[in-house]
Amino acid sequence: MSPPIVARLRDLLSREIKTGELLRALVVVGPIVAAYFLTREPALLNLGLIAVSLLIPALKLRLAPRAVALHYLAILFTFGTLFLAAPIKPLFVALTALAGFLAVAVTRYGDNLRTLGNWVFIPAVYLACEVREGVSATEALRHAGVIIASSPVALALVCGVQIYDQRRGNAVTSSYGPPSPEWFLPAAATAMAVFAAAALVEILNLAQGQWVMWSAASVVVGDLSASTGKLKQRAIGALVGVPLGFLAGVALPVGRVGYALAVLAATLTLISFSSYIVAFGLRCFFIALAASFAGGASGIAEERVANVITGGAFGLIAVALTEIVWLRVVRKARSSR
């Protein structure tokens, strides 16, 4: 490979990979994955999602350890509420929609708080569905108990990173940005999208339904054009990443080491890349690879892609409906003056 090509490749990787965030995520999630490998306790891998969900807002918003602790409590409370409500399907649907609404409504107090809201909603909904997937109520309760009991480890690791950065002078006073004057519109769209997605999941008993709900909330990022662009990125990432991960899993030998590393890599994609489409595509790749290593990849490609697109479609419809209603309200208000 010629030197100019190597230099361009190196520049591309340096722009795409956020090295500082990657190293901090490894410090936080790496020990948890190592603990899973030693103990063979699957709940510990889900703990990694809580850890990275705490780390992302902590780094982006420069949160003090006290704020990280409050974020941690919000995740546990939301997860516990949704987990306990899951057997009562209408209640679970309603509470999931409420969680989606609140995740966006916090921008009323600062636009940057959307990051914090998202990273309460995502791990809480994901885990509430994941720990019940394909197991008995007793096993699900045990799984949830292990996550909650071991979760202070994740909090301690993230607070340790923040304290280290603060002592090095890298941390500054948190700034949540100006309050969003139109917070209600995206919050309502998110609630509508998540309600429809959760209802579909519960009515049809869809496997891995958390991806439908996650995708529905994820595409509500602004107006219809911006939301359409977000869905395109997610669809491309899933269409490319999932089949490649499945094929790689077929070619590689099944094993616990490969499974643990694939889960670790999937978790790291949440924070380590500048480009969303690259991050999401790699996340889909490593999740499909992990499923292959676990021996459960049959049909995962079609299922994952369908879930992403279905959830995103709910998000787009919700954004379009709220925009139409809002325009009618504005026009009516102007005509009455």
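I'm taking contact to mean heavy atoms within 4.5 Å. Also for the record: this is a predicted model.

**Entry: α3 against α4**

I started with helix α3, residues 43–60, and helix α4, residues 65–85. Which residues meet across this pair? From α3 I listed Ile50, Ser53, Leu54, Pro57 and Ala58. Facing them in α4 are Val68, His71, Tyr72, Ile75 and Leu76. Sorted by class, that contact comes to eight nonpolar residues, two polar ones and no charged ones.

Next I looked up the geometry. The two helices pack at an angle of about 140 degrees, and their axes are 10 Å apart. Over 145 degrees would have counted as roughly antiparallel, so α3 and α4 go down as oblique to each other. I noted the crossing of α3 and α4 as right-handed.

**Entry: α5 against α6**

Then I moved on to helix α5 (residues 89–105) and helix α6 (residues 113–130). Their axes come within 7 Å and cross at roughly 160 degrees. With the cut-off at over 145 degrees, α5 is therefore roughly antiparallel to α6. On the α5 side I wrote down Phe92, Thr96, Ala99, Gly100, Ala103 and Val104. On the α6 side I have Arg114, Gly117, Asn118, Phe121, Val125, Ala128 and Cys129.

**Entry: Arg304**

Arg304 sits in helix α13, which covers residues 300–335. Is Arg304 buried or exposed? Its relative accessible area is 6%, and the limit for buried is under 20%, so I put Arg304 down as buried.

What does Arg304 touch, leaving aside its neighbours within four places in sequence? I found Gln208, Trp211, Val242 and Ile287 in contact with Arg304. Val242 is 62 residues away along the chain, yet its C-alpha atom is 7.4 Å from that of Arg304.

**Entry: the whole chain**

Last, I stepped back to the overall picture. I counted 13 helices and zero strands. Of the 337 residues, 47% count as buried. The chain exposes about 16,200 Å², with carbon and sulfur atoms supplying 68% of that.

The pairing of Arg304 with Val242, 62 residues apart along the chain, is one I had already noted.

Conventions:
Residues numbered from 1 in each chain as written. Predicted model: local features only at pLDDT ≥ 70, side-chain atom pairs only at ≥ 80, totals over all residues. Heavy atoms only, no water. Axes fitted to C-alpha atoms, helices over the stretch in contact; angles between N-to-C directions. Helix = DSSP H or I, 4+ residues; strand = E, 2+ residues; numbered from the N terminus. Parallel < 35°, antiparallel > 145°, perpendicular 65-115°, else oblique. Left-handed = near helix turned anticlockwise from the far one by under 90°. Nonpolar A, V, L, I, M, F, W, Y, C, P; charged D, E, K, R; others polar. Buried < 20%, exposed > 50% of the residue type's maximum accessible area, 1.4 Å probe, protein only. Areas by Shrake-Rupley, 256 points an atom, 1.4 Å probe, with all protein chains shown as cover.
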